[in-house]
Amino acid sequence: MLRRLALLDTETTGTADEDPAIEVAVVLFDVPCAAIVASWSSLIRHGDDPQNPAEPVNGIPAELLREAPPAGEVWAAARAFAASAEAFVAHGAAFDRARVPGEVWEGRPWICSMDHLDWPGQLRPGESLVSLALRHGLGVATAHRAMADCELLARLFARVAEGGADLQAMLARGLRSRARYRAVLSYERREEARAAGFRWDAARRAWWREMAVEDAGALPFPVRDLDEGEPGGLGAEEAVEVDYEELRRRGLELLEKARSR
């Protein structure tokens, strides 16, 4: 049973893998009491002249970053603050975890509140935090600042607990073994993949989703390991054929009609 969670969020200079975190927030959340225990956040300075190309999104001016503590100092403080947490939770955890040094979480598990938890009333897996909060009647004054997003996630946990949700059961399901799968279905059925929480990967030309292994068999369409190619899996070239085979067939039909005239 989990008692203490570290709800974590970062703000970055962009969405690329190399874009660093320039703000981090952590909210310690007590699961049995469904309540916030303590909160902490800090801006993060990288170098002597930090810039923030994402200021239009997160509203963090570069001049504030020049006054912020250096990254090493911030991550040491984050590690100390989250020492009592048994697990880390983030909405889009893969993004945040990639930017948090491993010594902060020290092998403790991460739960993605976007993809790993079955929220009461959610329309589909992968919904945004704001969408879930609004559906549960929570006001959203601001977003895209780390502490605001952490506090909103804490309020969402508290609200569903008030409504009778079993947080321990939700979290236990979130900790199950997971794998990344690609949907094996025709182009015409792509909306089924979207409705099941799959996302389009343009590089792989595939609809994919990370999900619990035992849940994959309950989908209304077959799936394969995302990274599995030939033999047996749906590789990139096959994915193109799935998308465009019907278009090719229709083109041949039109060509045949034109020749017969």
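1. Leucine 117 touches Ile111, Cys112, Gln122, Phe157, Met170, Leu171 and Gly174, leaving out residues up to four places away in sequence; a contact here means heavy atoms within 4.5 Å. Leucine 117 is found in the loop between strand 5 (110-112) and helix 6. Helices (H or I, at least four residues) and strands (E, at least two) are DSSP runs, numbered from the N terminus. At 2% relative accessibility, leucine 117 counts as buried, where buried means under 20% relative accessible area, exposed over 50%, and partly exposed in between (1.4 Å probe, protein chains only). Leucine 117 and leucine 167 are 50 residues apart in sequence, and their C-alpha atoms are 9.9 Å apart in space.

2. The basis should be kept in mind: this is a predicted model, in which local features need pLDDT of at least 70 and side-chain atom pairs count only at pLDDT 80 or more, while totals for chains, interfaces and linings use all residues. Residues are numbered from 1 along each chain as its sequence is written, and side-chain values use heavy atoms, with hydrogens and water left out.

3. The protein chain has eleven helices and nine strands. Of its 261 residues, 44% are buried. Among contacts in the chain with a separation of 6 or more, 61% are between residues 24 or more positions apart.

4. Helix 7 (residues 146-162) has 17 residues and reaches 25 Å from its first C-alpha to its last. That is close to the expected 24 Å, the expected span being 1.5 Å times one less than the number of residues. Its buried residues include Cys150, Leu153, Phe157 and Val160. An α-helix has 3.6 residues a turn, so residues three or four places apart point the same way. The cover over the buried residues of helix 7 includes strand 1 (4-12), strand 2 (21-30), strand 3 (35-43), strand 4 (87-90), helix 6 (129-135) and helix 8 (167-174). Just after helix 7, glycine 164 takes a positive phi of about 105°.

5. The largest nonpolar core has 30 residues. Such a core is a set of buried Ala, Val, Leu, Ile, Met, Phe, Trp, Tyr and Cys residues joined through side-chain atoms within 4.5 Å. Leu5, Leu7, Phe29, Trp119, Phe157, Leu167 and Leu171 touch the most other members. At least two residues of this core come from each of strand 1, strand 2, strand 4, helix 6, helix 7 and helix 8. Helix 7 gives the largest share, nine residues. Another core, of 22 residues, lies apart from this one, and Val26, Trp75, Ala85 and Ala90 are among its members.

6. Setting aside neighbours within four places in sequence, leucine 5 is in contact with Val27, Leu28, Phe29, Val31, Ala85, Ala87, Val89 and Leu171.

7. The whole structure has seven aromatic pairs. Rings of Phe, Tyr and Trp (its six-membered ring) pair if their centres lie within 6.5 Å; planes under 30 degrees apart count as stacked, over 60 as edge-to-face and the rest as tilted. Phenylalanine 198 and phenylalanine 221 form an edge-to-face pair, 5.5 Å centre to centre with 70° between the planes. This pair links distant parts of the chain, 23 residues apart. Phenylalanine 198 is buried at 3% relative accessibility, and phenylalanine 221 is buried at 4%. Ring pairs also link Phe29, Trp119 and Phe157 into a cluster.

8. Two arginines lie over rings. A charge sits over a ring if NZ of Lys or CZ of Arg is within 6 Å of the ring centre and within 35 degrees of the ring normal. Arginine 180 lies over the face of tryptophan 208, 5.9 Å from the ring centre. The charged end of arginine 190 sits over the ring of tyrosine 187, at 4.2 Å from its centre.

9. The structure holds zero disulfides, a disulfide being a pair of cysteine sulfur atoms within 2.5 Å. Cysteine 112 is buried, with a relative accessible area of 4%, and cysteine 150 is buried at 2%.

10. Two backbone angles deserve a look. Alanine 34, in the loop between strand 2 and strand 3, has a positive phi of about 50° although it is not a glycine. Histidine 144, in the loop between helix 6 and helix 7, has a positive phi of about 70° and is not a glycine either. Histidine 144 is partly exposed, with a relative accessible area of 41%.
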